[in-house]
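Biologist: Let us go through the terms and see what backs each one.
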Amino acid sequence: MPTLQLNRILARDIQRFGRLSWWLLFRCLPALILAALSLLVLGAAAVRAQASLAEVEGGQLILRDESGQRTAALAQRTKVDVEVTGMIAIVTLEQQFRNRGGEWMEGVYAFPLPEQGAVRHLEMRVGERRIVGEIRERAQAQQIYREARAAGKKSSLVEQQRPNLFTSRVANIAPGESVSVRLEYVQQVNFDGGRFSLRLPTTITPRYIPGISPARQVEQGSETLSVLPGLGWAKPTDRVVDADQITPLLHPRPGNDDDPRNALELRVRLDMGMPLTEVHSPYHDIALSRRAGIYEIVLARGVAEMDRDFELQWTPVSGSAPSAAFFIEKFAGEYYGLLLLVPPGPERAPAPTPREIVFVVDTSGSMGGVSIRQARQSLARALQHLRPEDRFNIIQFNSSHHALFRRAAPATRHNLQLAGEYVRHLRATGGTEMMPALQAALAPAAAADEFSPQPALRQVIFITDGAVGNEQALFEVIVRELGPSRLFTVGIGSAPNSWFMRKAAEFGRGTYTYISDVAEVGATMDALFRQLSFPIATSLTVDWPDGVEPWPSRIPDLYLGEPLLVAVRLGAQLPDADLLVRGRVGEREWATTLEFFQGSDPVHVDDHRGVAAVWARSKISALLDMKAHGKDDDWVRDRVLPLALEHRLMSPYTSFVAVEQQPSRPDARALDSNPVPNTRPRGQSPQTFAYPHTATTAAANVWLGSFLLLLALFARAFREEEQDG
Amino acid sequence: MVSPLSRISALLLLLAASHQLGTALLIQLKAQLAPRLVERAWAQSLAQDGRPVKPWPWADTWPMARLEIPALAESQLVLAGDTGNVLAFGPGHQRASAMPGTRGVAVIGGHRDTHFRFLRHIVPGQRIVVQLASGRAIHYRVVATDIVDASKGGIAIDSGDNLLLLVTCYPFDALSSDGPLRYRVIATPEPRQEAFAPSASAGAGRFML
C-alpha cells in the first residue's frame, strides 16, 4: 500500500533526521509554497496588463478626422522674396489664404518673423485688386477691422504679439476664394566670424504658458467680444495675459516637403558687391544661380514645408570681407546711417583665468524629439572643453529644476564622468518653469566662501528652445540678478524662439548661438567656447558729432567674431567730421578713425534702402528693453507710439489694417472664424501632458495585509501544535 | 514552551497586516467621506456665482464642476488639479488641459478603485453632463473608450480637438498601483450646442451678423 509505505518512509525519516526533517516538512515547505503562490498571483496581474496592451494597440481610436477637416478648411501658403544688399535684407512675405469650405470665413494665422524685422508695409490682394494697409494705433486698428468684418467687407489686420510673433487676420473670404496678405519688412543681416547669415522662421514651437488662468475667464460671455480672440490652445493666465494669441494650433500630423501643409516658396537675391566663396543653407536644399555678381537662390524643389527655420549663410572670398562700412539712407528729409565695424583680433589670447561655468538645460516637453538629443550632444561636447582648473555645474529644468552638484564642482575626471552620465540620462518631459532655474543659475553667492572664492569669470550657458510665453518677466529676472555672471544662450530645435535667445543674451551680456541640426553640434559648441574665453573688445565708444542719435546708445562688449553695429540718425545734413572709435581690444587700448563722410570711401553707398527702418526698429527695441529695467508700460508706450507711427512700423502699439471699400459678404450669410494651424516643428514630438496617476495602493494594501494575516494565523496554528506536542 | 522569537515575529506580522489593512481602509474612508465636504463647498460655490470655495480650510483644491452620467446614475464633483493629494478626495481636472466648454481637450482623472470605478460600465452613446460652477451645463456624448499606454506618450494638448477625456488606471482590478495603462472614456460635445467656443464665447463660433 503506498500510504503505508509513505508512512514508513516518514517514520524512517523522522528517525534518521530527527526533528530537522519534520521541521522542514511541516514548517518550511508550507511557507515556501504560500510565498510562491502569492508571487504567482502578483505576477499574474502584471502579465494580464501586458496582454491587454497587446490587444488595444491595433484598435486605437482616431478622432482627428472630424476636427482635421475643420481646421484644414482654410489653407495657407507663404511666398517669400528676399533682397539682400550689403547689411540689409528687404523681405516681401505674401500669405495666401484659400477658403476650401462652403462658408464665408475669417482666417486667424499666428506666424513668426525674424525678431529684428521692421514691418513697414501691408497690402491685401483679392484677385486683381490691391488694397494698401494703413498703420494705426493698435486699438484703433482693431476697431476698424471689427467694423469692416461686421459690414461684410474684406479686411485684413496684422498685429505684433511678440517681436518675433505676429497674428494675421483676414475677414470675409468667400467660399472657394483666395485672399493674399503681403507684408514687407526690413532686417539686418547677421555678420559673425566673417560669415553673413539670414534666418527666416516659419513655424512656432508651442510655448509653455506658466501661471494659472482664472476659472471665471471662461464665462465672461459678451464682454470678451470686444477683444479679438486669438483662437490659440492656451487660455490667458495671470502671468501670460495674451496666451491665446501666442499659442497657435498645430496640424495634428507632421508635414513633409512633398505635400506641404503650409507651403513655403522662397527666392533670395544676394547683391553683396563682393565675390562669395560659399552660399549654404543648412536645413533646406537650394538651387543657386549667379548673374553679374548677383546670386539668386530658390528652393531646389520649389516648395518646402514650413516646419523649420530657413537659414542662409554666405562667406565672402577671404580678404574681401568688410572691416568697416557705413550705409546711408535719406528718409523724410533726414539722413540715417548704419555703421559696421569689425574690431581687430587681439595679438595674443590673454592667459586663461579660472572660471565657473553653469550649464542650464531645458528638459521640458517641448524639447522632446530631436531637440533633447541636440541638447545632450551639446552638453557632452561642452564638457570636453572644460579645463581642470574650471568649476562647473549642470542644472536641468522642466516643471521643477534639479542641479547635478549642490554647488559648482571642480572639473575633475570623476566629476566629468558623473556629469557625462547625468547628461546621457536627460529626458524631455513636463512644463517649462524657466524662472526658478534661471534664478538658481544666476545666484552666485552660494558658491563663494573662503574655501572656494568667486572665480574671475562666471558664465551661464543656457540651452533651450525658448518655448515660453513669459519672456518679459524672464528678462527682468536676468537684468535684476545677473550680477557678475554672463549669460550665453544656445537655441535648440527646428524653430527656437529667436527673440528670447537674442534678448536673453543681450541682457545677460553674452552671445547667442543656434543649433538646429545634430551635425552642427560639434562646430557650433567649439565656436561658442572660443567666444567664451573672453570678450574681445570692451568699453567701445564712437565719437558721434552733435545732434546725432545712435542706437544702441551703449555699445555692448563684443565677443570673438562679433562686429560692432550701430544705427544712427544723422539729421538733415550729413556731418563732415571723421568718426573716432575707441575701446579696449584684448589688454590694450585701441582706436581707429573712419573717414566715411569724405566721399572717398569705397563702401559708401548712397541711399541704401531700409537703413531708416533699421534705425527706428533699433530705437523701438531699445525703448522696449527699458521695461526690463523697470520703466512702466505707459512710459514706453509714450515714446514708442509716435516713433512707430512716424516711421510707419509695426510695434506692440501699432498695427496694420487694410479694408476694402465694397462689402462682399451678403448680410444673410454667417461668418465662420477659423484658425490656420502651423506645422509642427520638424523632429519635435507632439506636445503632451502626462496622464494622471489614477490608482491607489488600496488593492495592494488589502492583498498584502490579508497575506500577512494568513501568515500570522499559520504561525499561531503551529505554535499550538508545538504546545500540544 | 513558546520561544520569544516566534512570539515577536507573530506580533510583527499582525502589526504589519493591520498597517496594510488600515492604509487601505483610510484610502477608502477618505474617498467616501471627502465628497460630503466637497458637496457643501460646491453648493456655496454655486451660490456665490462660481467663486472657488475650498471644502476645508487647508485644502489645496476646490470643486470646479459636477460630472453626471445619467445612464449610470452617477454624479460626482470634479476637483481642480490631478495630483495625488487631490485625487484621493475625488476626480480631478488636469489644470493644464482645457476647461470643459472651451476649445481643446479637457482631462478629468480619477482613481480606478474609488471614484472612477464606474468608468468600466460606460459604453459609447451614453451622455455625460458637466456642470460648471457658473451654472452652465455642457453636454457630451461618449464616442469611444480605449486603453492607452501612458509611458508611450501623454495627451496631445494642441491637436485642436474638442474632447472630454475621463481617465483612470487599467486594468481595473490590478494589484500594482503604478502600471502604465490608462483606460480612457472619450466624449465629444453634443453638436446641438451652439456655444462651443474658444476661451470665450466669440472666436471659433459663428458671428451671426
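Modeller: We start with the ground rules, then take the two chains in turn.

Modeller: This is a predicted model, where local features need pLDDT of at least 70, side-chain atom pairs count only at pLDDT 80 or more, and totals for chains, interfaces and linings use all residues. Residues are numbered from 1 along each chain as its sequence is written, with chains lettered from A and ligands numbered from 1 in the order in which they are written.

Biologist: What makes strand E7 of chain A mostly covered?

Modeller: A buried residue has 20 or more other C-beta atoms within 10 Å of its own; exposed means 12 or fewer, partly exposed in between, with C-beta atoms placed from the backbone. In E7(A), residues 153-162, eight of the 10 residues are buried. Strands (E, at least two residues) and helices (H or I, at least four) are DSSP runs, numbered from the N terminus.

Biologist: How do you know that E7(A) pairs with E8(A)?

Modeller: Pairing takes at least two bridges found by DSSP. E7(A) and E8(A) (residues 165-173) have seven, and run antiparallel. A:Gln160 has A:Phe166 as its bridge partner. A hairpin of two residues links the strands. E7(A) also pairs with E33(A) (residues 654-663), antiparallel, through five bridges. There A:Ser155 stands opposite A:Val659.

Biologist: Why do the buried residues of H7(A) line one face?

Modeller: Buried in H7(A), residues 434-442, are A:Met434, A:Ala437, A:Leu438, A:Ala441 and A:Leu442. Down the axis they fall within an arc of 125 degrees, so they line one face of the helix. The arc is that of the directions from the helix axis to the C-beta atoms.

Biologist: What is the make-up of chain B?

Modeller: Two helices and 10 strands. Of its 209 residues, 47% count as buried.
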